[in-house]
Amino acid sequence: MAARTSRLPAFYKITIPERREAVAEATGVPTAELEAALDAGGLDGEVADKFVENVLGTYALPLGVALNVRVNGEDFVAPMVVEEPSVVAAASNAAKMVREGGGFHAEADPPVMTSQIQVYDVADVTSARDRLLAAADDLLSLARAAVPGLVERGGGPVDLEVRALSSDMLVVHVHVDCRDAMGANLVNTIAEAVGDRVASLARGKLGLRILSNLCDRRRVRVSCLVPARALATETLAGELVVDGVVNASRFAELDPYRAATHNKGIMNGVDAVVIATGNDWRAVEAGAHAFATRSGRYAPLATWRRVERDDEVCLRGELELPLALGTVGGTLRVHPAARLSLRLMGVGSARALAMVAASVGLASNLSALRALATDGIQRGHMALHARSVALAAGASGPEVERVATLIVEAREITLEGATRALGVLRGAAASPLHR
Ligand code: MEV
């Protein structure tokens with residue numbers, strides 16, 4: 001097979017069947033597999049009934065692909081499941097700019113998750129801590145015995161830590177290498193397996209036994225260097241766009257109100273890949289925002305600076321966040337579209353998946369900041385929003401684009417505006433002049 005590519009020019013202009021063929025060719029995943037996984041909305045009712053309780057049906061969202069994504073010298077077609085217009089296009093456009101500077105550079109920590117065992121009503125937390133640390137090897141063996149399959153795959157408990165939380169409460173952390181699993185079930189199993197022993201060593205009462213979603217030993221770091229020329233808009237020189245993005249970054253660094261929205265823009269990309277690959281986006285969100293407060297103040301997960309490389313002005317972006325993602329187990333075992341997403345990406349491990357998801361997050365952030373620092377976000381957004389309004393008004397096929405254009409031009413992106421435009425369009429088509 002030819003090397004994977006994520007450069008598929010004019011992809012947005014072709015039909016869905018044509019896009020499937022293009023992606024099949026670019027990734028080596030046969031078109032028939034795309035059809036089989038996606039035609040039924042990715043999940044049939046019977047399978048859905050096994051997922052959760054009281055099922056009435058399924059609830060579909062669009063699955064698109066981010067293009068142009070290059071990470072550590074390799075191309076990735078990145079599936080994104082998201083309801084918000086322009087998120088997929090924005091990530092693809094920014095990834096194209098990043099590509100001009102060599103693409104994203106990413107690294108991920110080993111896939112270590114943390115299991116928490118709370119003990120309360122402890123008479124003396126200092127001596128309890130000493131006893132627990134002295135028994136660390138025994139506790140780790142007990143933990144290892146609870147997850148033999150994981151140990152066989154080369155993972156398992158790697159470290160134990162005791163944290164005093166107050167004069168009568170402590171928590172034991174068992175850090176677990178979860179290999180290619182997200183790991184929630186594995187670390188919860190471990191917490192329950194060692195809980196009684198931990199409480200008896202601490203001479204206190206056993207409390208909660210559950211994973212921590214602040215998986216700060218499982219971080220991913222992504223950076224990129226974008227030449228100013230790649231960032232220029234129709235009306236603004238690249239260097240001015242660099243300054244605008246840096247200014248936007250500083251705003252987020254100084255103000256938690258802005259940092260929250262800045263991070264939301266990053267999570268637009270990260271979550272969409274997380275959902276497409278059947279992973280737990282609530283866990284990822286919880287971890288990301290908790291990590292964003294690590295300095296004691298809520299801060300942006302990604303920052304941007306102006307740098308010079310070989311006499312050229314460039315924009316350097318850096319993103320770091322914890323990402324607990326799996327490529328085996330959980331939803332992936334049963335969700336055909338999630339399995340397809342992984343096949344399209346061609347990632348061989350949970351760490352590789354985390355690096356691609358974070359790169360799409362950094363691309364989403366760049367695209368939002370570039371738009372905000374230049375034209376503002378509404379122009380592009382409105383054009384896409386107009387299409388959904390046109391659809392809601394009953395437009396179909398080529399009518400959608402024409403109605404959308406009419407209501408954008410008339411600055412009337414409302415259902416009434418679209419209904420009127422559709423009426424005019426259909427009236428014109430029915431007039432004798434058009435027959
Ligand atoms: C909208 O989904 C995301 C943005 O608000 C992000 C940002 O402001 O950086 C555009």
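**Close-up views of a predicted model**

The structure holds 0 aromatic pairs. To pair, rings of Phe, Tyr and Trp (its six-membered ring) need centres within 6.5 Å; planes under 30 degrees apart count as stacked, over 60 as edge-to-face and the rest as tilted. This is a predicted model, where local features need pLDDT of at least 70 and side-chain atom pairs count only at pLDDT 80 or more, while totals for chains, interfaces and linings use all residues. Residues are numbered from 1 along each chain as its sequence is written, and side-chain values use heavy atoms, with hydrogens and water left out.

**View 1. Two arginines sit over rings.** The charged end of Arg282 lies over the ring of Trp281, 4.3 Å from its centre.

**View 2. The shell around the ligand has 11 residues.** Glu84, Arg258, Lys264, Asn268 and Leu372 come nearest. A residue is near if one of its heavy atoms lies within 4 Å of the molecule. The shell divides into 4 nonpolar, 4 polar and 3 charged residues. Here Asp, Glu, Lys and Arg count as charged; Ala, Val, Leu, Ile, Met, Phe, Trp, Tyr, Cys and Pro as nonpolar; the others, Gly among them, as polar.

**View 3. Helix α10 gives the most to the shell.** α10 (256-276) supplies 6 residues. α13 (350-373) supplies at least two. Helices are DSSP runs (H or I, at least four residues), numbered from the N terminus.

View 4. Polar contacts are pairs of N or O atoms within 3.5 Å. Arg258 has a side-chain N or O atom 2.7 Å from a ligand oxygen. For Lys264, a polar side-chain atom also lies 2.7 Å from an oxygen of the ligand. For Asn268, the distance is 2.9 Å. Alone, the ligand exposes 300 Å², and the protein buries 86% of that (Shrake-Rupley method, 1.4 Å probe).

Notes:
A polar contact is a pair of N or O atoms within 3.5 Å; within protein, one must be able to donate a hydrogen and the other to accept it, and residues adjacent in sequence count only if both atoms are side-chain atoms. A charge sits over a ring if NZ of Lys or CZ of Arg is within 6 Å of the ring centre and within 35 degrees of the ring normal.
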